[in-house]
Amino acid sequence: MSWVSEAANDAKLLASAQSQEQNLIATYGLSQRFDWRNKCLELINALALAQFNQCKVIKAHFANAYSMAHGSVLLTEGLLQNIYNDDQLAHILAHEHAHLTLNHHQQAAQLVQNPPKLFTKSRINKFYRYIEQQADLTADEWLSAHDRDPLQIHHYLLRIEQSTDEHSNDHRKLKHRIHRKGLPIEVKEVFWSNK
């Protein structure tokens, strides 16, 4: 691929990310929970997640996080209502940051633009499962390097799994990501008790 076509693809990816962010904000609105946004920014700085230049919280009831190719991270209120400690949010942020540092957005765009000849649903699912595993492993390493507990996230994931429809794609993805045994006691911090 030439330098010009790579630059054009990057520009399309950034424009698409900005459009997706605007659509999410238009659909759900921005949250007034500035304490959550400030905690997000605090952890981004503490973890040196340099690819993120801003954090926004949207008023969606479901639990999700979005890393945008232009450096934004969006968190839903539903996600933050299920957080019990900073290490859980730190893991989510490090996971989303890993999608940027590992170029997952570019890989997904490339897969869509130039699909292999046998572009089956199972191959797509396998690709997305792989990048989620990569992001989880990278987040585990990042938290450990910053003296944080990477296992605390599994308490959060267990909570989300129980509130997710049994037949949804998110549930199937979560099922393969959760450690169920040998977890430390879940830490419950005062900041997160004020929902």
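Helices here are DSSP runs of H or I with at least four residues, strands are DSSP runs of E with at least two, and both are numbered from the N terminus. Read along the sequence, the chain then follows the pattern α-α-β-β-β-α-α-α-α-α-α-α, which gives nine helices and three strands. Please keep in mind that this is a predicted model, in which local features need pLDDT of at least 70, side-chain atom pairs count only at pLDDT 80 or more, and totals for chains, interfaces and linings use all residues. Residues are numbered from 1 along each chain as its sequence is written, and side-chain values use heavy atoms, with hydrogens and water left out.

Let's start with the chain as a whole. Of its 195 residues, 41% are buried; buried means under 20% relative accessible area, exposed means over 50%, and partly exposed lies in between, using a 1.4 Å probe and protein chains only. A contact means heavy atoms within 4.5 Å. Among contacts between residues at least 6 apart in sequence, 66% join residues at least 24 apart. Ala15 belongs to helix H1 (residues 3–28) and is partly exposed, with a relative accessible area of 42%.

Now to the inside. In soluble globular proteins, nonpolar side chains tend to be buried together. A nonpolar core is taken here as a set of buried Ala, Val, Leu, Ile, Met, Phe, Trp, Tyr and Cys residues joined through side-chain atoms within 4.5 Å. The largest such core has 30 residues, and Leu75, Leu80, Leu89 and Leu93 touch the most other members. Two or more residues each come from helix H2 (34–46), strand E1 (54–58), strand E3 (72–76), helix H3 (77–80), H4, helix H6 (121–145) and H7. The biggest contribution is that of H4, with six residues. If you click on Leu93 and set aside its neighbours within four places in sequence, you will find it in contact with Cys40, Leu43, Ile44, Leu49, Phe52, Val73 and Leu75. There is also a second, separate core of seven residues, with Ala17, Leu24, Ile58 and Met68 among them.

A disulfide is a covalent bond between the sulfur atoms of two cysteines, and here it is assigned to a pair of cysteine sulfur atoms within 2.5 Å. The structure holds one, joining Cys40 to Cys55 with an S to S distance of 2.2 Å. The torsion about this S-S bond is about 110°, so the disulfide is right-handed. Cys40 sits in helix H2 and Cys55 in strand E1, 15 residues apart, and the pair links distant parts of the chain.

Two packed helices are described by the angle between their axes and the distance between the axes. Axes are lines fitted to C-alpha atoms, for helices over the stretch in contact, and angles run from 0 to 180 degrees between N-to-C directions. Helix H4 (residues 86–101) and helix H7 (residues 153–163) pack at about 85°, with their axes 8 Å apart. The two are therefore roughly perpendicular, a label for angles of 65 to 115 degrees. H4 brings Gln88, His91 and Ile92 to the contact, and H7 brings Ile153, His155, Tyr156 and Arg159. These residues divide into three nonpolar, three polar and one charged.

His91 of H4 is buried, with a relative accessible area of 3%. Not counting residues up to four places away in sequence, His91 touches Asp136, Ala139, Asp140, Leu143, Pro150 and Ile153. As for H7, eight of its 11 residues are buried, so this helix is largely enclosed by the rest of the structure.

Finally, two loop residues deserve a look. Ala48, in the loop between H2 and E1, has a phi near 55°, a positive value in a residue other than glycine. Asp147, in the loop between H6 and H7, also has a phi near 55°. Ala48 counts as partly exposed at 45% relative accessibility, whereas Asp147 is exposed, with a relative accessible area of 75%.

Terms used
Angles under 35 degrees count as roughly parallel, over 145 as roughly antiparallel, 65 to 115 as roughly perpendicular and the rest as oblique. Ala, Val, Leu, Ile, Met, Phe, Trp, Tyr, Cys and Pro count as nonpolar, Asp, Glu, Lys and Arg as charged, and the others, Gly among them, as polar.
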